[in-house]
Structure formats: structure tokens, C-alpha cells
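Please look over the model shown here before reading the briefing on its chains and their interface.

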Amino acid sequence: MLNLYLSVAIILFVIGVVGVLARKNIFSVFMSVELMINAAALVFASFARQNLSFDGHAAVMLIIALAAAEASFGLALIVLLYKQKSSLNIESFNELRDGNAN
Amino acid sequence: MELFLFINFSFFAILGALGLVFFKLPLHSALSFIVSLVAVAGLYLLLFAKTLFLIQIVVYAGAIMVLSVFVVMFFNVKEDRLFAKFGLKSLVWLVPVFVMFGFVLSQIWLLPGDFPIVSQNFGEMRELGVYLFSNLAISFEAISVLLTTALIGVVAVLKGKNHA
């Protein structure tokens, strides 16, 4: 059973990676990051079930609290960037990239 | 019965995640992601993590996604400035990603198979709370500091000198 749960977690993580890499909409990228966090939490919970330990459950609780902080700050950053650029395309936000690099 | 429930929950989790990636409008993506989160909460319940089931429903699918949906509706995005098409150049990076995760997916079948028998009160709120406060109290307080910092940071970022 542990194999099946880990397979589901890996599939969810791969879908999250595809969403981060392939989507141009900043909301989809944000929610794909949350999907990846969620898949990692599922790995922790299934290993806690395998080892009958509460460490995995505590880790999942801390992960969910971290996701709450990340969601609040990420949404604030999205609002701020949208006010400055009036666009949701992720390629209009690459201000930190070196212009001479490529 | 457990395998039947597992197949159902994992099917809906993967289906919601695929909808998150492939829907065009971000509101449809967010609603599909809520389906995926509730299905993952069901998987937590199958893993005897009863407290995590409650926290996943209340905090994740309730608070975080409602906030996200609220911000998505707050923008009122037009279709033409959405840029929902896939970037074909970024799809090149998916090949090593798929190779690596295929390797991981093939290796996890070497793990031990069946779950051990669980005790009756495994994963309940009282046991988890006692464990958290006797072993991981510093992490718990660090999370409260993190949430306070995020709150202050959000207010400072949005009230700063951005006259746009």
C-alpha cells in the first residue's frame, strides 16, 4: 500500500512541476506550487502510517501552516505586481533576470 | 473496501490536479484544485491521519483556497490578457523531469509492501497535540513566528510606497 500512496504523491508532484514549467499565467503557477507542497505532505503522511510515528503528522501540520504563510504572501505579491504591470503573464515579471545574460 | 476508496480518492486527486494545469481560466483551475485537495484529505483519512484530514479540509481547502479564489475574482481578468497558452520552449525541460520521476516511480516498488496494524487512537488530535507539545514545541512556536512575520510582511508590502 505504501507504494501506491507514494505513486499518487509522485504523480501529483509531476503534475505540479508541469504546471510550474509550462503555464504562463501567474495564478496557475502559484497554485501548482501549492500542489507540489501538498504532494510532499502526502509523502510525509504515508511514511508516518508505515512507521506508526507521529513525526510525519507533525511535519504535515507544519507544512500546512507554512503553506498558509506562503499563500498570503504570494497573493500579496501577485496583487502588487498586477498593480505595477497590469498583466498576469509571468514573463513580464522577470525583472531580476540579467539582461545581458542571454 | 480500502482499495476501492483509495482508487476513488486518488483518481479524483489526479483529475483535479490535471484540471488545475489544463484549464484556461484561473477560476476553473482554482475550483478544480479544491476538488484535488478534498480528495487528498480523503487519502489522509485512509492513512488514519484524522487530525490531518480535519486540518486539510479546514485550513487548506477552506481558508487558503477561498483566499485564492477571492483574489482571482478580485482581478476580474479578461480572456485576452490571460496568456493561457502553453510555452512550447519551456516544455523541453519536461523531458529530464519525466525521466527522473519515472526512475523514482520505478524504484519505490522495492519498498516494503503492506502497512502494519495501527492502534485505535493513532492520529487523533489528543495524541498528536501531546506529541507536538512534548517533542516539537520549538517548531510550533517557530510556525507562529512565521505566520506573524507573513502577516506583517503582507501589510508592509501592500502599504509601502508603490504609487502605481
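This is a predicted model: local features need pLDDT of at least 70, side-chain atom pairs count only at pLDDT 80 or more; totals for chains, interfaces and linings use all residues.

Residues are numbered from 1 along each chain as its sequence is written, chains are lettered from A and ligands numbered from 1 in the order in which they are written, and side-chain values use heavy atoms, with hydrogens and water left out.

**Interface of chain B and chain A**

- Contact, meaning heavy atoms within 4.5 Å, joins 84 residues of chain B to 69 residues of chain A.
- About 7300 Å² is buried between chain B and chain A, and 78% of this lies on carbon and sulfur atoms; buried area is the accessible area (1.4 Å probe) that two parts lose on being put together, summed over both.
- On the side of chain B that touches chain A, at least two residues come from each of α1 (2-22), α2 (26-46), α3 (50-75), α4 (94-107), α5 (125-135) and α6 (137-158) of chain B; helices are DSSP runs (H or I, at least four residues), numbered from the N terminus.
- α3(B) gives the largest share of that side, 12 residues.
- By class, the side of chain B that touches chain A holds 65 nonpolar, 13 polar and 6 charged residues; Ala, Val, Leu, Ile, Met, Phe, Trp, Tyr, Cys and Pro count as nonpolar, Asp, Glu, Lys and Arg as charged, and the others, Gly among them, as polar.

**Spans annotated in UniProt**

- An unreviewed UniProt entry lists "transmembrane region" for residues 6-23, 30-47, 53-75, 87-110 and 130-158 of chain B; such annotations may be inferred rather than shown by experiment.
- Residues 6-23 of chain B are 94% helix and 0% strand, with end C-alpha atoms 25 Å apart.
- For chain A, the UniProt annotation "transmembrane region" (unreviewed entry) covers residues 6-22, 29-48 and 60-82.
- Residues 29-48 of chain A are 100% helix and 0% strand, and their end C-alpha atoms lie 29 Å apart.

**Ser119(B)**

- Ser119(B) sits in the loop between α4 and α5 of chain B.
- Ser119(B) counts as partly exposed because its relative accessibility is 42%; buried means under 20% relative accessible area, exposed over 50%, and partly exposed in between (1.4 Å probe, protein chains only).
- The C-alpha atoms of Ser119(B) and Phe48(B) are separated by 9.6 Å, with the two residues 71 residues apart along the chain.
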